[in-house]
Structure formats: structure tokens, C-alpha cells
Amino acid sequence: MNAKFDAPTAPEKKEFWRWQENCWADDSRDWRDAKIITVGIDVGSVSSQCVIVADGELYAYNSMRTGNNSPDSAVNAFKGVEGKTGLTLNDVHMVVGTGYGRVNVPFAHKAITEIACHARGANYMGGNKVRTILDMGGQDCKAIHCDEKGKVTNFLMNDKCAAGTGRGMEVISDLMQIPIAELGPRSFDVDVEPEAVSSICVVFAKSEALGLLKAGYTKNKVIAAYCQAMAERVVSLLERIGVEEGFFITGGIAKNPGVVKRIERLLGIKAMDTKIDAQLAGALGAALFAQTLVQKQGASKPLAVAA
């Protein structure tokens with residue numbers, strides 16, 4: 001009798017870079033009681049967010065990984081809150097798209113730049129004392145000045161390189177084979193704070209990190225060196241525009257204490273705290289812009305969904 005064997009399967013590769021996706025709704029409120037429902041969709045290079053605002057207040061959100069294309073990412077981001085709340089696009093007064101994929105949100109009525117939306121979102125999260133905003137996104141960084149209403153007064157962007165961004169941190173997470181949420185805390189578990197990695201390009205920074213490991217650095221020390229490099233890079237950007245009191249950090253890197261605390265140490269300024277996920281700032285600002293536009297237009301019922 002011939003024995004039959006199943007072909008061996010390759011072990012599933014663990015994705016250390018994969019961060020926690022999150023969907024939330026305020027169970028203490030019913031969106032049906034609101035007079036104006038608006039949506040902000042932020043399609044970024046690494047993550048996409050959908051935020052629902054009911055009468056000018058945060059009601060629900062979904063934060064997830066950006067997919068293969070912007071339209072699908074926008075749809076999937078909205079589907080998350082749709083499933084959580086039962087709210088459909090037919091119940092929404094206005095949708096504003098933002099982020100690098102803002103013009104490809106298929107159901108948006110308007111697109112607004114992420115710089116304006118992050119400033120508006122930071123103003124909601126941190127209050128009218130917010131003046132300097134550091135937006136650390138997936139592929140770029142922006143330093144923004146705003147007034148007490150969250151209106152942008154000046155801004156600067158870094159060049160298009162992933163080394164000082166969320167994508168760069170994902171690369172290091174995968175290289176070290178350490179979950180991305182653990183990188184920040186582990187970067188402080190070192191005997192002596194190491195010098196920053198010298199390379200600003202993520203490809204060369206990866207090679208340098210491998211070299212440090214071979215030279216006897218622990219993983220934690222390599223992570224610390226990379227977090228320091230990220231901090232120095234964005235502080236250089238902030239110093240070019242000038243940092244005022246009321247310093248606020250948005251974007252996914254705001255959740256990484258290894259980078260944030262080093263930025264604060266270099267600047268001598270503590271970033272403002274918020275109870276709201278700072279990664280939502282762009283989508284939240286877009287939804288708040290939509291709220292203002294609906295009020296100005298005097299729309300009494302939801303607009304038709306854009307084609």
C-alpha cells in the first residue's frame with residue numbers, strides 16, 4: 001500500500017511591524033440624535049482613518065492599515081465604523097477626504113490638505129493653546145504652526161525619505177524581530193544611551209543597524225540608536241520653523257515613547273497630552289472642517305454621496 005503524505009507547509013512569517021488596528025464608538029450617545037453627522041477620511045501612505053463627528057464632537061473612528069489602493073482603503077475605513085454603529089453614508093451630511101490619497105476617496109464631497117486637517121484636529125485634541133504641531137506620518141514629517149483656532153500660519157516638510165517616519169520604524173521592527181509596540185519602551189533598557197545611527201536613508205540605516213549588531217550592540221541598544229536618530233532628524237525640522245509653547249505631536253509615531261521622550265529632551269519642551277489617539281488627528285480635522293462647511297451651507301439633510 002502506498003502511503004500518502006501532505007506536502008510540508010512553510011511556517012507563517014510573523015509580521016512584527018504590524019501595529020494595533022482599532023475601531024471605537026461612543027456607546028453613551030446615539031448618532032440618530034445628532035443634527036449634523038460628518039465624516040473625515042484620512043488615507044495615508046501607511047495607515048487610513050475614518051472619523052465620525054456628531055454635532056461637532058468625536059463619535060466614532062476606525063484606524064487601520066492602508067491597503068493596495070486609496071479608494072479601497074477609504075471604503076474599508078468607513079465600513080469599520082459602519083459595522084460598529086449602523087450608520088451609513090446616506091445618514092452623513094458631508095464627507096471630507098485628506099491625506100496623500102485624499103483625491104481618491106470615492107465618496108468624499110471635498111478634499112482638504114493633511115496639513116490643515118492635522119492642525120484642526122490637534123486644536124480639538126489639545127485645545128486652543130496648541131501652537132506647534134509635529135505630524136510624524138508614514139512617509140514624511142511636517143512641522144506646523146497654527147493659531148488659537150487651529151488655522152495654519154506656517155509649515156515645513158521633510159524630504160521624501162522614510163527614515164524619520166513610521167515606515168522607517170516598521171523596517172527596524174521587522175529587522176529586530178520585535179513587535180513595533182515594544183520598540184519605544186525597550187529603547188530605554190540600555191546601560192548607556194548610544195549615539196544615533198548616522199544614515200538618514202532607511203536602506204542605509206538598516207545596513208548600519210545590522211553592522212551594529214555584528215559589532216556587539218544589543219537589540220535594545222540598536223533600537224535606542226535609531227530612536228535617537230529619528231528624534232534628531234525631526235528636531236532639526238522643528239528648529240528650522242521654530243518651536244512655540246503648546247507643542248503637540250500627531251501621527252502614529254506619537255505612540256512611540258522612545259522617539260517622543262527623546263524629542264522632548266532635545267527640545268527642552270514637553271509635548272501636550274491627549275486622551276484621543278493622536279493618529280486620528282488628520283481624519284478628525286477633516287470631519288470638523290466638514291461640520292463647519294455644513295453649518296455655513298445651512299444643509300438640513302445629508303448630501304448625496306459623491307460619484
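In what order do the six strands of the open sheet run? The views below are of a predicted model, with residues numbered from 1 along each chain as its sequence is written. Local features need pLDDT of at least 70, side-chain atom pairs count only at pLDDT 80 or more, totals for chains, interfaces and linings use all residues, and side-chain values use heavy atoms, with hydrogens and water left out.

**View 1. The open sheet has the strand order 1-4-3-2-5-6.** Pairing here is mixed (two strands pair if DSSP finds at least two bridges between them; strands are DSSP E runs of at least two residues, helices H or I runs of at least four, both numbered from the N terminus). At the edges sit strand 1 (22-25) and strand 6 (110-111), each pairing on one side only.

**View 2. Strand 1 meets strand 4 (residues 57-65) in the antiparallel sense.** Four bridges hold the pairing. Look for C23, which stands opposite N62 in strand 4.

**View 3. Helix 2 (residues 114-126) crosses helix 8 at roughly 90 degrees.** Their axes come within 7 Å (axes are lines fitted to C-alpha atoms, for helices over the stretch in contact, with angles from 0 to 180 degrees between N-to-C directions). The two helices are therefore roughly perpendicular (65 to 115 degrees). Residues in contact (heavy atoms within 4.5 Å) include H118 and Y124 in helix 2, plus L288 and F289 in helix 8.

**View 4. Helix 8 (residues 281-297) lies across the sheet strands 2, 3, 4, 5 and 6.** Against strand 2 (37-43), helix 8 runs at about 145 degrees.

Note on methods: Angles under 35 degrees count as roughly parallel, over 145 as roughly antiparallel, 65 to 115 as roughly perpendicular and the rest as oblique.
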